[in-house]
Amino acid sequence: MQFYLEGYRPGDPELVPASEDAYIPGAPFPDEVDVLIVGTGPAGCVLAAQLTAFSDIRTRIVERREGRLQRGQADGVACRTVEMFQAFGLATKMLAEAYSVNESVFWSPDVGDSSHIIRTGRVHDTEDGLSEMPHVIVNQARLQDFLLEKMQKSPSRLEPDYGVEFVALEIDPTSEHPVLVTLRRDNEEFQVRATYVVGCDGARSAVRSAIGRELHGDVANHAWGVLDVLGLSDFPDWRMKAFIQSAHAGNLLLIPREGGNMVRLYVDLGEVTGRDDLKQITVEQVIATAQRVLLPFVLDVREVAWFSVYEIGQRLTDKFDDVPLEDIGSRIPQVFVAGDACHTHSAKAGQGMNVSMQDGFNLGWKLGAVLDGRSGPALLHTYSAERQAIAQGLIDFDKEWSTQMAQPPRDLGLPERGGIERGELQAAFVESGRYTAGLATQYTPSVITADSEHQTLATGFPLGMRFHSAPVVRIGDAKPVQLGHTHEADGRWRLYAFVDSEGSRAATLFDHLQNVVLPRFTPSAADPDAVLDVRAVFPQGHRELNLIDLHRVLRPQKGTLGLRDYEKAFAIDLHGGDIYKARGIDPMVGALVIVRPDQYVAHVLPLDAVDELDAFLGGCLLRATN
């Protein structure tokens with residue numbers, strides 16, 4: 001983290017100076033904003049945190065609740081989400097509190113006595129090498145707290161306006177701020193004009209309804225109870241993630257929570273006929289069912305921190321913005337929906353909150369780029385195109401996984417109940433590991449994701465998938481770091497040049513970047529890396545390289561004092577692993593890997609393919625107006 005570029009200042013380096021129009025609690029709501037976010041759920045908080053990276057963008061976020069979320073709801077944080085939190089500078093703080101899921105265990109009825117369960121399997125929760133980050137458990141309320149604190153420390157000092165309810169909206173394409181939004185506070189309505197509105201207001205989204213979108217899908221008429229409990233048990237895997245199949249009482253998913261004592265139980269309650277049945281289910285009934293599933297082990301619940309009952313269902317809206325498919329060529333989206341407002345599913349795949357936050361990350365940098373003048377408005381069409389396909393994949397996966405989670409073993413002599421073979425649930429869990437880790441997302445070719453013509457240059461960085469970090473050594477101070485951790489959630493594109501061993505191809509690239517590319521897309525008054533952050537990895541050990549001899553593009557002068565940035569050049573880690581070998585890059589040839597602001601690989605190019613580089617960036621970015 002660099003925090004003296006504008007001169008020395010004492011105190012918390014994360015608390016940057018406030019901007020002139022920073023949020024003031026209790027001040028009147030502005031008449032006009034650039035982005036109005038409705039809802040402070042996972043998608044809304046990530047979106048707002050991302051937008052605070054653009055200091056000139058006026059963002060407000062409203063929430064009809066009277067204050068922050070306090071407890072309950074989602075808790076599983078996939079590896080990919082931890083990677084994203086690292087970009088926001090929040091991973092270390094989150095991991096310090098989190099429960100780390102190291103192994104998953106599987107229990108089934110004892111063949112000799114089907115009324116009792118026995119352990120039948122144990123696996124690593126996440127396949128080795130998928131990510132440098134773990135799968136962890138943190139309460140959704142705490143995740144949102146981290147993001148809210150990030151917002152409050154930004155120049156905009158952004159905070160949600162609580163107790164404000166969305167009422168309606170109208171769109172006037174001729175207006176500078178085309179969306180007229182009606183809000184309600186303390187039973188009084190008022191209006192605000194916004195350039196863009198994003199509905200992150202849950203499955204019963206009023207914003208979604210206002211643009212005529214609907215959720216389509218089915219419910220499975222199958223209920224699960226969810227409890228966060230503090231209790232005592234002689235179940236030997238009380239502090240392990242456990243999938244438990246019983247013969248006669250249904251199934252149970254046990255997930256230890258952060259803090260060392262609390263456990264979440266997802267309890268199979270069987271078939272229901274509608275919402276009225278759900279309302280009749282009590283916490284005592286759910287606890288009793290869990291106790292039967294765990295036999296012969298005892299569960300003594302001392303306190304229930306949170307309780308809910310839900311019916312399994314998978315629903316999806318056909319588009320995530322207000323523009324009909326037939327009008328994409330003639331209209332720009334003004335209203336978007338994200339998270340549960342456009343896709344809902346069961347909790348047992350552990351992906352709902354994670355996919356929702358990725359919605360916010362995907363949309364946030366795009367809104368920022370358009371409003372900041374870095375990209376044209378047509379970029380906004382890629383949000384729905386990319387994220388709707390991802391949500392459809394999640395729903396397809398969730399249907400299959402939820403069905404498997406509710407099945408008993410097939411060999412109980414109860415053919416009318418169906419079931420799955422012993423070990424089949426464990427096998428399915430292992431097979432789906434990349435998906436549940438949040439690492440299966442792959443965006444298809446578009447204006448911001450190239451085709452795979454040059455993929456062989458860097459096979460370990462698949463086009464359209466997240467940039468897979470690996471160890472390197474920073475040349476300036478010999479510090480071992482993860483290369484992917486240089487990527488901050490600041491709206492910038494990253495250009496990672498993996499230098500060829502002779503250096504001639506990289507020299508051509510660096511000259512072109514310094515003389516043509518950076519001046520073309522960077523405002524003259526801005527730092528040279530304000531839009532495109534150029535980094536380089538060299539195929540030698542760091543002691544073989546002299547920082548002062550590196551190309552000027554890797555040693556830019558920045559800030560009001562014109563200080564030099566010494567943190568853009570890296571060497572292979574001779575002890576932690578050769579990143580060239582790990583990611584399929586030939587050191588004789590090298591490669592240029594272009595990464596989008598949301599950490600997804602946009603292009604892989606030969607180092608000296610400057611014409612192709614210009615063409616691709618010209619399709620994503622606007623020429624700077626100085």
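I started at Gly129, which sits in the loop between strand S6 (117–124) and strand S7 (136–137). Helices and strands here are DSSP runs numbered from the N terminus, with helices being H or I of at least four residues and strands being E of at least two. I am working on a predicted model, where local features need pLDDT of at least 70, side-chain atom pairs count only at pLDDT 80 or more, and totals for chains, interfaces and linings use all residues. Numbering runs from 1 along each chain as its sequence is written, and side-chain values use heavy atoms, with hydrogens and water left out.

I looked up the cover on Gly129 and got a relative accessible area of 58%, so Gly129 is exposed. My cut-offs are buried under 20% relative accessible area, exposed over 50%, and partly exposed in between (1.4 Å probe, protein chains only). I then checked Gly129 against His468: the two are 339 residues apart along the chain, yet their C-alpha atoms are separated by 9.7 Å.

**Salt bridges**

I moved on to charge pairs. Side chains of opposite charge can pair when their charged atoms come close. I call it a salt bridge when a side-chain nitrogen of Lys or Arg is within 4 Å of a carboxyl oxygen of Asp or Glu. How many does that rule give? I get a count of 46 salt bridges.

I picked out Asp228 and Arg257, whose side chains form a salt bridge at 2.8 Å, N to O. Asp228 is in strand S12 (residues 216–233), while Arg257 is in the loop between strand S14 (251–256) and strand S15 (263–271); the pair is 29 residues apart and links distant parts of the chain. I find both Asp228 and Arg257 buried.

Next I took Arg596 and Glu386, which meet in a salt bridge at 2.7 Å, N to O. Arg596 is in the loop between strand S26 (591–595) and strand S27 (601–605) and Glu386 is in helix H9 (residues 381–405), so this pair ties together parts that are 210 residues apart in sequence. Arg596 and Glu386 are both buried.

Then I went to Arg494, which forms a salt bridge with Asp533; the closest N and O atoms are 3.1 Å apart. Arg494 lies in strand S21 (residues 493–498) and Asp533 in strand S22 (residues 532–538), so parts that are 39 residues apart in sequence are tied together. I noted both Arg494 and Asp533 as buried.

**Two contact lists**

I put Leu622 in the segment after helix H14 (610–620). With a relative accessible area of 39%, Leu622 is partly exposed. What does Leu622 touch, leaving aside its neighbours within four places in sequence? I listed Gly373, Arg374, Ser375, Gly376 and Phe521 as being in contact with Leu622, where contact means heavy atoms within 4.5 Å. I also checked Leu622 against Ala369, 253 residues apart along the chain, and their C-alpha atoms are separated by 9.7 Å.

For Thr59, I looked in strand S2 (residues 59–63). Thr59 is buried, with a relative accessible area of 10%. Again skipping neighbours within four places in sequence, I find Thr59 in contact with Val35, Ile37, Leu51 and Leu158.

Most residues other than glycine have a negative phi, and most peptide bonds are trans. I went looking for exceptions.

Is the peptide bond between Leu295 and Pro296 cis or trans? I read it as cis, with omega about 15°. Pro296 is in the loop between helix H7 (283–293) and strand S16 (299–316).

Asp186 is not glycine, but I get a positive phi near 50°. Asp186 lies in the loop between strand S10 (179–185) and strand S11 (188–199), and is exposed, with a relative accessible area of 66%.

Ala478 also isn't a glycine, and I get a positive phi of about 60°. I place Ala478 in the loop between S19 and strand S20 (479–482). Ala478 is partly exposed, with a relative accessible area of 37%.
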